[in-house]
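Below is a walk through one protein model, taken from its strands to its cores, its charged pairs and its surface. Please keep the sequence and the coordinates open while reading.

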Amino acid sequence: MHRRSPSRHFRHFRLSRPARRGLAAVTVALLASVAVGCGDAGELQGAGATPTAISPDKLWPDLTPASSPAFDIGEVDTEVVKGITVPGGDIRKVDPVAVVREEITTHPGDYARGTYAETARRMADCGRSGAAGSRCPVLKAYYRDLTGDGHDDLTLGFRQLPGNLTAVRVYTVRKDRLVQVMAYEDAVSGVELAGRSVIIRAPSEVAGYEYRLQWTWDQQQRAMLLTHDEMLRTGGRKYSPHPSASPTSTASASPSPAPSPAASSSVSSSASGR
């Protein structure tokens with residue numbers, strides 16, 4: 001990058017010898033007044049010694065760098081959702097309940113005959129009114145442009161029952177096809193949308209701490225990548241290592257995206273699924 005020279009923006013002036021002498025006298029007078037003022041109340045005081053900067057120490061310099069990951073966490077896996085159409089490429093016209101039903105159908109070992117069989121059974125309550133409808137495991141659907149293409153994307157959540165896990169999914173549209181670009185499940189205590197990121201908070205077994213995971217859209221991989229995974233203090237909140245199921249609370253997002261009328265509206269605060 002070309003840098004502009006400062007001399008292009010400032011003119012230089014040369015003072016005459018008498019003028020320079022006058023300026024020097026004024027400068028001496030100002031310095032003397034400052035020296036006298038230093039003895040007054042409110043004088044500047046030293047803040048103490050500055051801590052010495054310590055450079056990082058590189059450990060095991062002879063260790064051969066790994067060339068491939070030891071574990072596959074699937075952070076760049078994307079999947080076209082079969083059986084779901086996107087009318088006119090408008091993701092708001094996609095039924096969130098139908099999307100969850102398609103996942104349950106695609107993975108019968110996890111749902112119909114697996115760990116989350118209760119989720120599959122309660123899908124029959126989705127769309128019903130009253131107490132029966134509140135049993136639907138599908139949460140509100142939120143819409144925001146997370147991929148930066150100028151079109152809304154879908155952030156969807158649903159309970160994985162009978163346990164305390166909540167599945168969080170993000171979908172976008174490519175050539176009128178629904179594509180899943182993020183999938184994660186945990187014992188969720190809060191979900192937020194910020195910019196092009198999905199932030200998930202999950203309770204920790206360490207009292208007074210919680211996990212904070214941030215998934216951010218990556219244009220090169222065309223997927224949501226796990227960009228932050230950290231443990232933070234919760235400001236005094238404490239979690240028991242093995243608490244019982246707790247009442248549900250509403251998931252949050254900002255600014256307030258429009259919810260889907262086809263889904264219920266709760267996210268559980270429960271024990272960590274790690």
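Which residue in β9 is the bridge partner of R212? The model is a predicted one, and in it R212 is bridged to E230. This pair belongs to an antiparallel pairing of β8 with strand β9 (residues 223-233), which extends over 10 bridges. The two strands make a hairpin with 4 residues between them, and R222 has a positive phi near 55° there.

Strand β8 (residues 209-218) is also paired with strand β7 (residues 197-203), again antiparallel, through 7 bridges. Within this pairing, I199 lies opposite Q214 of β8. β7 and β8 likewise form a hairpin, with 5 residues between the strands. G208 is in its turn and has a positive phi of about 85°.

The largest nonpolar core contains 26 residues, and I91, V138, L156, Y171 and L178 have the most contacts inside it. At least two residues of this core come from each of β1, α2, β3 (153-160) and β4. There is a second, separate core of 17 residues, with L146, V179, V181 and L193 among them.

E103 sits in helix α2 (residues 96-106). Is E103 buried or exposed? Its relative accessible area is 11%, which is under the 20% limit, so E103 counts as buried. Beyond its neighbours within four places in sequence, E103 is in contact with Y111, F158, R169, Y171 and Q180. Y171 is also one of the residues with the most contacts inside the largest core.

R169 is buried at 4% relative accessibility, while E185 is partly exposed at 34%.

How many salt bridges does the model contain? The count is 10. Salt bridges with shared partners join E118, R121, R122, D125, R128 and R135 into one network. Within it, R121 and E118 form a salt bridge with an N to O distance of 2.8 Å. Both residues are in helix α3 (residues 117-122), 3 residues apart, or about one turn of the helix. R121 is exposed, at a relative accessible area of 55%, whereas E118 is buried at 16%.

D125 is buried at 9% relative accessibility, and R135 is partly exposed at 38%.

The surface remains. L59, W60 and L63 make a nonpolar patch of about 410 Å². L63 lies in the loop between α1 (17-37) and β1 (79-85). Its relative accessible area is 58%, over the 50% limit, and L63 therefore counts as exposed.

Key:
Residues are numbered from 1 along each chain as its sequence is written. This is a predicted model: local features need pLDDT of at least 70, side-chain atom pairs count only at pLDDT 80 or more; totals for chains, interfaces and linings use all residues. Side-chain values use heavy atoms; hydrogens and water are left out. A salt bridge is a side-chain nitrogen of Lys or Arg within 4 Å of a carboxyl oxygen of Asp or Glu. Buried means under 20% relative accessible area, exposed over 50%, partly exposed in between (1.4 Å probe, protein chains only). Patches are made of residues with over 30% relative accessible area and no salt bridge: like charges are joined within 9 Å, nonpolar side chains (Val, Leu, Ile, Met, Phe, Trp, Tyr) within 5 Å. Accessible areas come from the Shrake-Rupley method with a 1.4 Å probe; for residues, only the protein chains shown count as cover. Contact means heavy atoms within 4.5 Å. A nonpolar core is a set of buried Ala, Val, Leu, Ile, Met, Phe, Trp, Tyr and Cys residues joined through side-chain atoms within 4.5 Å. Two strands pair if DSSP finds at least two bridges between them.
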